[in-house]
Amino acid sequence: MKSKAGGAVLAILMLALAGCSGMSEREQRTLSGGAIGAAGGAAIGALTGGSMLLGGVIGGAGGAVVGALTTPSRSSARPRAAAPAPARAPAPAPAEGVDL
């Protein structure tokens, strides 16, 4: 019975991930945040003896909100300017009366 349930979960996850290709960056971040939050909430619920379902729902909702709100701004996406080359000291002049 467990292998059927695991296979069903895997199939649902694969279908969900396949549907992400046409999403905007914000939508992808919201979905990813929700999935990570749900997994974390369910794990915390299981480890603390609470409800995995309730932990997953709360974690998923919180993760989706955080994912939606942390979309990077356009200003951080600009490429940085290259660092200037270090200054070099001029070569010393040869001493007078020395043949090179």
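Analyst: Happy to! A contact here means heavy atoms within 4.5 Å, and that term will carry much of what follows. The model is a predicted one, in which local features need pLDDT of at least 70 and side-chain atom pairs count only at pLDDT 80 or more, while totals for chains, interfaces and linings use all residues. Residues are numbered from 1 along each chain as its sequence is written, and side-chain values use heavy atoms, with hydrogens and water left out.

First, the setting. The chain has three helices and zero strands, giving the pattern α-α-α along the sequence. Helices (H or I, at least four residues) and strands (E, at least two) are DSSP runs, numbered from the N terminus. As for confidence, pLDDT is the predictor's own score for each residue, from 0 to 100. The chain averages 78, and 70% of the residues score at least 70. Helix α1 (residues 2-18) has the lowest confidence, at a mean of 67, and helix α3 (residues 52-69) the highest, at 91. Where pLDDT is low, the predicted coordinates should not be read in detail.

The part I have picked is the pairing of α2 and α3. The expected span of a helix is 1.5 Å times one less than its number of residues. The 18 residues of α3 should span 26 Å, and the end C-alpha atoms of α3 lie 25 Å apart, which agrees. Just after α2, Gly-49 takes a positive phi of about 85 degrees.

How do the two helices meet? α2 and α3 pack at an angle of about 150 degrees, with their axes 6 Å apart. Axes are lines fitted to C-alpha atoms, for helices over the stretch in contact, and angles run from 0 to 180 degrees between N-to-C directions. α2 and α3 are therefore roughly antiparallel to each other; angles over 145 degrees count as such, under 35 as roughly parallel, 65 to 115 as roughly perpendicular and the rest as oblique. Their crossing is right-handed, a term used if the near helix is turned clockwise from the far one by less than a right angle, with left-handed used if anticlockwise.

Now the residues between them. From α2, the residues that meet α3 include Arg-26, Arg-29, Thr-30, Gly-33, Gly-34 and Gly-37. On the α3 side, Met-52, Gly-55, Gly-56, Gly-59 and Gly-60 are among the partners. Buried means under 20% relative accessible area, exposed over 50%, and partly exposed in between (1.4 Å probe, protein chains only). Gly-33, Gly-34, Gly-37, Gly-41, Ala-42 and Gly-45 are buried in α2, and the buried residues of α2 pack against α3. In α3, the buried set is Gly-55, Gly-56, Gly-59, Gly-60, Gly-63, Gly-67 and Ala-68, and α2 is included in what covers them. Over the chain, buried residues make up 14% of the 100 residues.

Ala-42 counts as buried because its relative accessibility is 17%. Leaving aside neighbours within four places in sequence, Ala-42 is in contact with Met-52, Gly-55 and Gly-56. Ala-42 and Gly-59 are 17 residues apart in sequence and 7.4 Å apart in space, C-alpha to C-alpha. Ala-38, also placed in α2, has a relative accessible area of 25%, so it is partly exposed. Not counting residues up to four places away in sequence, Ala-38 touches Gly-56, Gly-59 and Gly-60, and its C-alpha is 6.1 Å from that of Val-57, 19 residues apart in sequence. Finally, Gly-40 in α2 is partly exposed at 30% relative accessibility.
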